[in-house]
Amino acid sequence: MSSSSNAGAAAVKKAKTAYQFYQSDVVKTVKDELAAVDSSSANNMGAVMSEVSARWKRCTEQERAPYLRKEEADRERYRKESEEADARAELVQQQRRDLLTTQEGEDASHRGAKAKLAVERQQEEKRKLDREQKRLEAADPEELLQQQRAKEAREAATEQRRLLKQAEEQAVADRHKKLDKAACQKQAQRLDYLLQQSSIFSKLKIKTNSSNSAEASSGSNDKGKPSHHRAPPSSTNKSRKSKTNTEDSLEEEDSQEEEGEEEQMVFLTKQPKCIKFGNLKPYQLESLNWMIHLAQKGLNGILADEMGLGKTLQSISILAYHYEYLNIQGPHLICVPKSTLSNWMAELNRWCPALRAIRFHGSKEERQEMVDRYFTNAAAA
């Protein structure tokens, strides 16, 4: 039922129950009887209602019958009046609906809002075209030509910026692709190197076990009683031994071929030219070659020299090697204690001025400003 029909039905008087009819008949009588007994009880409606309810419960079916008939008649009255109120509310609703659908191009199911909006949009576009046409007719031709040239210049600048941005994005994508390829290649080299090391260790383990078993067997034969009747070696054992020896020789040849096919390892005999202020000592140059070897294999390492042997310079030298020989400018991340930040900045500027050291330390806003300033393609170039 709609809101209008609810409003119409609200005006209809609700149906009464049989008890309500009985209550309206006997409540005055009960008040008078209670007043005769106690004058204060007549004004106490709680006591009056309790007495009325008790008397209703004591009524017989014959005494309740007239009130039940009144209840049924009142319900029938309520039903008829509700139907009439609903009909009136529906008529009002239909009249309102008819008023809303009297506009042109609308019906009861669709009010034509989209069509109306489309017409208004077309009219607005037409007004804009008319205003533009009037402006062009009233304007100076030279001024129009200048405006057209300025517009073309803006469009050309926008297109140039778009192409430049597209080229930068393509360059970054190519660089990432190259880095991914180099990383995959280094990962494959690292895996091959580790597998080779594993095969070497497994061979050593097999040889050690075989030698130990041979010694044990010979020792047991020496301690036991000599056997006067020894069985001749069977042909199957000979064939197995020859097959094993052949496989071992083939594996050794394959490993030698793989070792021959490996790339030549870099071994520096002098320090990078971008290392200034002094010369590397022989053991420092040896440590540099060791770190280069680890970098080529994609392995991690710990430089655990004692204090005062120049671990800082050795760490700077591996960065100088990447900068000078591999043309890798970074970025490299060096994590150091806060108390040594100034010392590291001084050592980098002293030993390798070609590297641009950035002290990436400060508040969140300062670090973000450094990222926006230094860690960009233009800054890296």
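Author: Buried means under 20% relative accessible area, exposed means over 50%, and partly exposed is in between (1.4 Å probe, protein chains only). This is a predicted model, where local features need pLDDT of at least 70 and side-chain atom pairs count only at pLDDT 80 or more, while totals for chains, interfaces and linings use all residues. Residues are numbered from 1 along each chain as its sequence is written, and side-chain values use heavy atoms, without hydrogens and water.

Reader: OK. Is E366 buried or partly exposed?

Author: E366 counts as partly exposed because its relative accessibility is 44%. E366 is part of helix α11, residues 364–374 (helices are DSSP runs of H or I, at least four residues, numbered from the N terminus).

Reader: New topic. How many salt bridges are there?

Author: The whole structure has 14. A salt bridge is a side-chain nitrogen of Lys or Arg within 4 Å of a carboxyl oxygen of Asp or Glu.

Reader: What does R77 pair with?

Author: R77 bridges to D74, with the closest N and O atoms 2.7 Å apart. R77 also meets E81 in a salt bridge, at 3.0 Å from N to O.

Reader: Why about one helical turn between R77 and D74?

Author: Because R77 and D74 are three residues apart in helix α4, residues 61–100. E81 and R77 are four residues apart in helix α4, so about one helical turn separates them too.

Reader: And is D74 buried or exposed?

Author: D74 is buried, at 13% relative accessible area, whereas R77 is partly exposed at 22%.

Reader: Which residues form a network?

Author: Salt bridges link E33, E51, R55 and R58 in a network.

Methods: Helix = DSSP H or I, 4+ residues; strand = E, 2+ residues; numbered from the N terminus.
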